[in-house]
Amino acid sequence: MKIDESGRRSIPSEGPAAEPVPKSHGTVALLLVALVLIAAWVLVLPQVPALVKEGSDLISRLASSLTGATGINSTESLNYTIYSPLIQNGAANISYPSDHDVLSTYALGLINNDRANYSLGAVTLSDINVAQQHADSMLRYGYFSHNDTQGFKPYMRYTLLGGRGAVEENIAYSYTGLPYFTSTASVEGALKSLEYTMMYDDSQCCNNGHRYNILSSLHNRVSIGVAFNSTRVYFVEDFENYYIDLNFSVSSSYYVTMTGTPLEAGLSANAVYVTYDRTPSPETATQLNSGPHEYGPGSLVGGVLPPCVFTCQTFEQGVTVYADTWTLAPNLVAVTFSLRDFIQSYGAGVYTVYLITGNDTSSAITSISIFVS
């Protein structure tokens, strides 16, 4: 099956030999003017940074090239200072406004009210603080993008900060041009407006990508990020599919071991897909604000199938690797395989491993990125 480039997302044919067909992921940035007179907005408009739609060496080198960045933002009334949020050695210095717990609880309520209106179960707060790290980064460095200044995409940040499920991201942004966001209530007002726009005014902007994320029945957790100064609010929702208590390791020879226990009955993976991104490189705020405006799951480069001796199925495009061990059962996940054939074909970069429950990466319950130098 050939890759179909039209639209937000695609679904390959059924069966383990089918080629997965990823497409650009529909979460997109929003610009929302809050409580500002039309005349004031017109005066301020030329100063608004270019907004982007939605949305990708190694970590130490990326970080060292950016440690001299400046531009700390703070709100005087809420005593919020953002320190360098760069991800280094699997951790980041994440900064929180003094009212973060109030704001994240409020935002979670907005999300779950929208889900309840469509008879969907509530999501819970994640313990992976990837959304706040990205919100901090956007405010500190002055950009609006799913990619960050280190060149990382959402699923890369999620893995680097300890995530072992799958993640899909919404980002939104409010700018007033005047010092308005100086209280918890004013920031809550921005979050409410941004959430409403993502839910009910998203079709022309973003092909309803934000709305899809909010209403995905597979999402069961969300990491919430809120970063702001007196004129800007950044709102990040990193929705998770978290269904396996998973141990994931990669040896020095790139031999992958995935073992774990499913956390929910009736949901089990049926395939392993592998995607590829080039090695991330630092990007400036100007580059990030100018696009690209969407992000996807990387370029599909094949996948992993069960062990095979005689008549063996293959992926129609990319590399087919046969696992050394393969158990994808309702009560156990145990898969081991080598990335060497992928690396031999595509070289250095980032390989992301997706355990699929349906037919494409939107049904993944892992999105674990492996950085290969």
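Residues are numbered from 1 along each chain as its sequence is written, and side-chain values use heavy atoms, with hydrogens and water left out. Because the model is predicted, local features need pLDDT of at least 70 and side-chain atom pairs count only at pLDDT 80 or more, whereas totals for chains, interfaces and linings use all residues.

An open sheet is formed by four strands in the order 10-11-16-15, with antiparallel pairing, where two strands pair if DSSP finds at least two bridges between them. Strand 10 (244-250) and strand 15 (325-329) stand at the edges with a single partner strand each, so that one side of each is left without a neighbour in the sheet. From one strand to the next the twist averages 15°, as given by axes that are lines fitted to C-alpha atoms, with angles running from 0 to 180 degrees between N-to-C directions. Within this sheet, strand 11 (residues 255-262) and strand 16 (residues 332-338) run antiparallel and are joined by six bridges; tyrosine 255 has serine 338 in strand 16 as its bridge partner.

Serine 369 is placed in strand 18 (residues 368-372) and, at 6% relative accessibility, counts as buried (under 20% relative accessible area, with exposed meaning over 50% and partly exposed in between, for a 1.4 Å probe and protein chains only). Its side chain joins that of threonine 352 in a polar contact of 2.9 Å, a polar contact being a pair of N or O atoms within 3.5 Å, of which, within protein, one must be able to donate a hydrogen and the other to accept it, and for which residues adjacent in sequence count only if both atoms are side-chain atoms. When neighbours within four places in sequence are left aside, serine 369 is in contact (heavy atoms within 4.5 Å) with Tyr155, Met156, Thr159, Val350, Tyr351 and Thr352.

The structure holds five salt bridges, each defined by a side-chain nitrogen of Lys or Arg within 4 Å of a carboxyl oxygen of Asp or Glu. One of them pairs the side chains of arginine 221 and aspartate 127 (3.4 Å, N to O); arginine 221 lies in strand 8 (residues 221-228) and aspartate 127 in the loop between strand 6 (124-125) and helix 4 (130-141), so the pair ties together parts that are 94 residues apart in sequence. Arginine 221 counts as buried at 13% relative accessibility, whereas aspartate 127, at 57%, counts as exposed. Asp127, Arg221 and Glu240 are linked in a network of salt bridges.

A salt bridge also joins the side chains of lysine 153 and aspartate 277 (2.8 Å, N to O), and both residues are buried. Arginine 157 and glutamate 169 likewise meet through their side chains in a salt bridge (3.1 Å, N to O), and both arginine 157 and glutamate 169 are buried.

Terms used: Helices (H or I, at least four residues) and strands (E, at least two) are DSSP runs, numbered from the N terminus.
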